[in-house]
Amino acid sequence: MTRPRITCLFAQYDPAGLLRAHTRHYLAELAACGMTVHLALSGVHHIAPDIARFCADHGIIPHTRPNCGLDFGAWQHLLSAGCARGADRVLFANDSVFGPLKPLAPILERIMARPADVWGLVESRHPVWHLQSWFLCFSADALAHPAVQRVLALPFTEMTKPEIILHGELGLGTAIRAAGLRVAAAWRDDARGPRRLVPVNPMHVDWLSIARSPDCPFIKIELLRDNPCGIGWIGAWRDLLATRDHFPAAWIDDALRGRPASAAMAGWKIRLLFLLISRDRPAILRAMRWRRSATVPATSPPAAAT
């Protein structure tokens with residue numbers, strides 16, 4: 001059986017114009033999977049020599065573009081340049097995650113083997129059903145569907161970030177369902193119990209379970225940098241990476257260094273709710289019990305009288 005030809009359209013932006021170590025790692029993993037990788041360097045006018053060498057070493061094709069329209073603007077730019085022409089499948093990806101925390105090739109083999117028209121890593125119901133757009137793959141026929149094309153043709157370069165999320169990421173979810181396309185997701189956002197009433201972003205509320213899962217070893221940069229939901233256990237990423245040798249913790253430290261973190265917007269009641277409905281809760285409670293037991297000093301038998 002002939003392997004499908006996969007093209008990856010990768011959106012990247014760095015305020016300093018750098019291609020940081022964690023992003024190079026992700027790009028190298030994608031290229032090692034045998035796909036053709038087109039890299040949109042937003043806000044870059046001239047490609048730096050070290051970036052050009054990296055791309056040449058890994059067979060990655062770099063493209064410069066203005067910094068507008070966020071990831072959807074970058075993907076639109078690459079599509080208009082004909083980068084997806086001739087591909088059997090087109091993967092949209094971006095630099096908004098740390099990872100993969102383990103080799104990507106076997107993960108892609110498993111997820112792409114599922115019978116589907118659209119493949120994603122994370123399904124979300126927040127605020128409506130969609131596949132998170134930081135890793136989203138379409139078959140050529142699904143990408144060409146009029147409902148999907150209407151979304152991808154929107155004027156993203158003229159939109160604000162909330163508008164892009166609404167019309168782009170959530171709009172694609174609506175288009176996928178309206179078109180009746182078959183979907184496969186590595187992480188399913190099962191709406192059980194209170195989760196049916198409180199839609200949440202799994203990459204925040206369930207981040208530890210997702211990062212430890214066999215097919216979705218990624219952490220959102222926004223979570224560690226901004227923690228907008230006030231998740232109380234984000235510090236566990238260091239313990240997680242201490243058990244892995246595929247992704248050094250220093251890459252995260254370097255990426256977050258010098259970038260001011262936003263104050264968590266959620267109050268204590270909301271933070272408690274997130275803990276109660278998180279799929280991370282069993283692991284967090286076990287870790288809390290372990291830490292408490294580790295801090296209790298062992299009692300010594302009384303000294304013998306002399």
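Tutor: On a 1 Å grid over the protein atoms alone, a cavity is a set of points where a 1.4 Å probe fits but cannot get out, while a pocket is an open set with protein on both sides within 12 Å along at least five of seven lines; lining residues have an atom within 4 Å of a point. Here, R125, D189, D190, A191, R195, V198, P199 and V200 line the largest cavity. This is a predicted model, where local features need pLDDT of at least 70 and side-chain atom pairs count only at pLDDT 80 or more, though totals for chains, interfaces and linings use all residues. Residues are numbered from 1 along each chain as its sequence is written, and side-chain values use heavy atoms, with hydrogens and water left out.

Student: How much space lies in the largest cavity?

Tutor: A volume is the space filled by probe spheres set on the grid points, which are joined across faces, edges and corners. For the largest cavity that gives about 40 Å³. The count is one cavity of 30 Å³ or more.

Student: Now the open spaces. Which residues lie nearest the centre of the largest pocket?

Tutor: They are D71, S96, K161, K220 and E222, out of 47 lining residues. The largest pocket holds about 1300 Å³ of space, and its lining divides into 21 nonpolar, 14 polar and twelve charged residues.

Student: Which helix gives the largest share of that lining?

Tutor: Helices (H or I, at least four residues) and strands (E, at least two) are DSSP runs, numbered from the N terminus. Helix α7 gives the largest share, five residues. Among the elements that each supply at least two are β1 (6-12), α1 (21-32) and α3 (70-80).

Student: What is the volume of the second largest pocket?

Tutor: About 440 Å³. It has 18 lining residues, with R3, P4, I6, R89 and E109 closest to its centre. Helix α4 (105-112) provides the largest share of that lining, four residues.

Student: Let's turn to the backbone. Where are the cis peptide bonds?

Tutor: One joins G99 and P100, with omega about 0°, and P100 sits in the loop between β5 (97-98) and α4. Another runs from H126 to P127, with omega near -5°; P127 is in the loop between β6 (118-124) and β7 (130-131).

Student: What about phi of L70 and N227?

Tutor: Phi of L70 is near 50°, a positive value in a residue other than glycine. N227 is another non-glycine residue with positive phi, near 45°. L70 belongs to helix α3, whereas N227 lies in the loop between α10 and α11 (237-242).

Student: Is N227 buried or exposed?

Tutor: Buried means under 20% relative accessible area, exposed over 50%, and partly exposed in between (1.4 Å probe, protein chains only). N227 has 12%, so it is buried. L70, at 40%, counts as partly exposed.

Conventions
Ala, Val, Leu, Ile, Met, Phe, Trp, Tyr, Cys and Pro count as nonpolar, Asp, Glu, Lys and Arg as charged, and the others, Gly among them, as polar.
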